[in-house]
Amino acid sequence: MPPHLPVTRLRGDFDAVLAPPGKVVASPAAPKLPLSSATTAGGGANGVVVATAPMHRTGGGTQDRSDSVASPGDPAAVLDLVQGVCHGRVASIEKMVPQQWWKTVFDAMYLRTDGDVVEDPEVTREEVGMLDRDPVIKNIFLKGTDRRQAAGKVLDLCCGQGRHLLHLAKQYPHLELFGHDQSSYLISLAQQRASDLRRNHRRPPVFTVGDCREVPFPSGTFDLVMVLGNSFGYFSSEDDDRAVLDEIHRVLVPGGVAIVDLTDGVYMRRHFVQRSWEWLDDGVFVCRERELSKDGLRLSTREVITSTTRGVLRDQFYQERLYSGDEVAGLARSAGFDLLARPSAASTDDSLAASSLTFANDLSKRQEDLGMMGHRMVVVIRKSASSNLPSSGTTTPRATADNDLTRLQTQLSVASLDHSVTSTAAPASMVPLNRGLSVVVPTEPRGSERPVFENLVLVLGDPSQACIGKLNNTWNAEDLATRQRLVDALSELGYCQRNLAVVERHASMYDQLRAMLQTGAASRPVVFNLCDEGFDNDALKELHVPALLEMLRVDYSGADPNCLAYCYDKGLVTCVAGAIGVPTPRETFLHGLLGAVGVDSDAAVFSRVRDRVGLPAFIKPVRGDNSLGITAGSLVRDEAGLRAKLSELRAQGVGDAAAQEYLAGTEYSVGVVGNPQTGFRFLPTLEVDFTRIVARGLVPILGFESKWDPTSPYWSEIGYRRAELSPEAERCLRADCVRLWERFGCRDYARFDWRCDRGKGDGKDGLGGTIKLLEVNPNPGWCWDGKLTYMAKLDGLEYKDVLRLILRAASDRIEVQGRSRKDEANA
């Protein structure tokens, strides 16, 4: 491997980065893959582990989640960076196929090997032309051109690098176009290509990352959903394919249409080539072996990718379901769809096989092995115009009066009437909440969707006690209204008194949770831990809540105790981040501010800050939450300013502080939902707008007042907007977020705050700034008006969608952990 191109392998749904010259990227641990699928590329200090991923002729998009190698810049370059191990002769191809083979697939190599189809504009033009020739779909494309009705909304599910949407955006610029795919590599490439549309003042498509069985849009959003380029049938279970159709049904408007383009199973079953090979170029070829399952339902393929100079690059296995037209039609009908009359959706296998789409074969420049892409069929389906309910296969929450959580909710509500604890330190103005809950849980759900967890327990801060760090150290009307909006949003996700319990009184928290686990519920409850105030509303004890849950052996959302302990100490975060190569501000620590023996004088502290950090400097508590201790006075320019700030911190009882270089550039926040095992979803990067603050002559910071004081200009005059970073700068920022996530052990969701030392930090403003880490925020603010929700709104999501994403991430992680424990027990 060339020494100037170190490669890092990032676990989860994020593309790894080909680092530019001079940038060394640390490599976190590789994901668990078969032993022969990873090898060291290169040697010496720059050798890294690169997990080899299968390359195969599947199609234009991906269904679940994957890891990716390399960046969108140069797909061909990847072939020079990887080596592989050949498995030799195998007795059964089907037995070699990983259960979730698609998780390491769709990256730069995929574009390299399948480029004669998925990167050929002529093929894309013909596929879009097929849509244009359908009168029903054509009417959707034309909807809104006369401005008398809203423009049509189109979702390309499993959109890959967005080739169909980008073509449609140029042909029908009025359309509202959305793409969703599991591969952040391909989505990143799609966004990069869409930037050309934005520069030409055209509306670019909106691209999101995630599982095709969990689309991040409200029910009844789209007029048309497309699944093109053979992106259906990857799952081993028909139930999962049905779940895809259920989700399509959910997001379609009544009367909406879906088109599914998939391998012609009848043709492939009869005509698949058992062995073939294909030259990618003059120096790389692919050998393929195929094997039909005994029941004839699945076709397994082995691919050996070989370089004439480097030997075997990859040896991998994958599998697809071979559906006949009748089978797909039956699956669609069972999901609540009507089948539209089309030649390729006829009722007999022979007619369907005869009407296979072959233009990929006809237009391929290589004219070699097209595999699953060579012969495909199209099914067009419609959601009933009178359909206002989920599809027939969607299950709804249990509605029995004797539901276990209903009984538990009643018990907890009664218990809270008899148990009221008010801290003697609480100010007289504290809102009295000595009876019942601080929120009203609806008796019926406000939405019709199936809850992520059948039974959910919501754990919150204790409103009967003072909360140090809030304005006046008390609960305010805004706090209580925010909690109610949370419960209302959960109700839209299918929760009500039957399946949602609220635990907010901390003195009895352990007993309430233990009682919950002893109810004998058919479905063990899961805790939605949103108690970011900490146990007994003490931020130092935020880790105590998940620790209690660990002792009770109950599954819960969010970070574990270790992660919260690490990240609460901002000095520790800075040191660790710097050690793994993440840019951090210069910093020195100020210990013993409360007068411990041997501490430095303020004059000596100032000299150390001036010499090690420079002026101006920014002073803040090493440990803390709620931006406590961060004010305009934190920016110190001289010794007098430092003395004043240290006096302020001492008055607040702060014993240890950090002095950092003041970062005068743009501030950013990156929100991440997911997990390394199941994939990440990055919300749009947020940029803080301090324009009006600066116009007032105030220090541009996000401090205590911006979070807690409605009377302050910091509360009302700070804005947020989508960051306008270059694709390369954003990729590097996200790569650092993944490294921090894995190093500190974040779970389900987190927020990473950054600020540039000067300018924007994207290399385009001529200032040469560097974006540096401010904070790692596990279990960040969950409020309806918080940063995470603001980011999500930039992607067209609502508050309830953010909550659903977090719950789904926790559900997926818990499922994976359960399988791992089961496998260990059976080993």
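Is Asp736 buried or exposed, and what is its relative accessible area?

Modeller: Asp736 is buried, with a relative accessible area of 6%. Buried here means under 20% relative accessible area, exposed means over 50%, and partly exposed covers the range in between, with a 1.4 Å probe and protein chains only. The model is predicted, so local features need pLDDT of at least 70 and side-chain atom pairs count only at pLDDT 80 or more, while totals for chains, interfaces and linings use all residues. Residues are numbered from 1 along each chain as its sequence is written, and side-chain values use heavy atoms, with hydrogens and water left out.

Asp736 has a charged partner. It forms a salt bridge with Arg739, and the closest N and O atoms are 2.7 Å apart. A salt bridge is a side-chain nitrogen of Lys or Arg within 4 Å of a carboxyl oxygen of Asp or Glu. Both residues belong to helix 24 (residues 727–744), where they are three residues apart, about one turn of the helix. Helices (H or I, at least four residues) and strands (E, at least two) are DSSP runs, numbered from the N terminus. Arg739 counts as buried because its relative accessibility is 5%.

By this rule the structure has 45 salt bridges. Another one joins Lys645 to Glu648, with the closest N and O atoms 2.8 Å apart. These two are three residues apart in helix 20 (residues 639–651), which means that about one helical turn separates them. Lys645 counts as buried at 1% relative accessibility, whereas Glu648 is partly exposed at 26% relative accessible area.

A further salt bridge runs between Asp748 and Arg813, whose closest N and O atoms are 2.8 Å apart. Asp748 lies in strand 25 (residues 748–756) and Arg813 in helix 26 (residues 799–826), so this pair ties together parts that are 65 residues apart in sequence. Asp748 is buried, with a relative accessible area of 0%, and Arg813 is buried at 2%. Salt bridges that share partners also join Glu214, Glu449, Asp801, Arg804 and Arg808 into one network.

Charged groups also meet rings. The charged end of Arg747 sits over the ring of Tyr556, 4.8 Å from the ring centre. Likewise, the charged end of Arg485 sits over the ring of Trp784, 3.7 Å from its centre. A charge sits over a ring if NZ of Lys or CZ of Arg is within 6 Å of the ring centre and within 35 degrees of the ring normal.

Rings of Phe, Tyr and Trp (its six-membered ring) pair if their centres lie within 6.5 Å; planes under 30 degrees apart count as stacked, over 60 as edge-to-face and the rest as tilted. Phe178 and Phe217 have ring centres 5.3 Å apart and planes at 75°, so their pair is edge-to-face. This pair links distant parts of the chain: Phe178 is in strand 4 (residues 176–181) and Phe217 in the loop between strand 5 and strand 6, 39 residues apart. Both Phe178 and Phe217 are buried. The rings of Phe680 and Phe682 have centres 6.4 Å apart and planes at 55°, so that pair is tilted. Phe680 and Phe682 are both buried. Ring pairs also link Phe178, Phe217 and Phe222 into a cluster.

Asp211 lies in the loop between strand 5 (206–209) and strand 6 (222–227). Asp211 counts as buried because its relative accessibility is 5%. The side chain of Asp211 reaches the backbone nitrogen of Arg213 at 2.8 Å. Asp211 and Leu157 are 54 residues apart along the chain, and their C-alpha atoms are separated by 9.6 Å.

Four strands form an open sheet in the order 8-9-10-11, with antiparallel pairing. Its edge strands are strand 8 (275–279) and strand 11 (311–321), and each of them pairs on one side only. Two strands pair if DSSP finds at least two bridges between them. Strand 9 (residues 284–292) and strand 10 (residues 298–307) pair in the antiparallel sense over nine bridges. Leu292 stands opposite Leu299 in strand 10.

Methods:
Polar contact = N/O pair within 3.5 Å; in protein donor to acceptor, adjacent residues only side chain to side chain.
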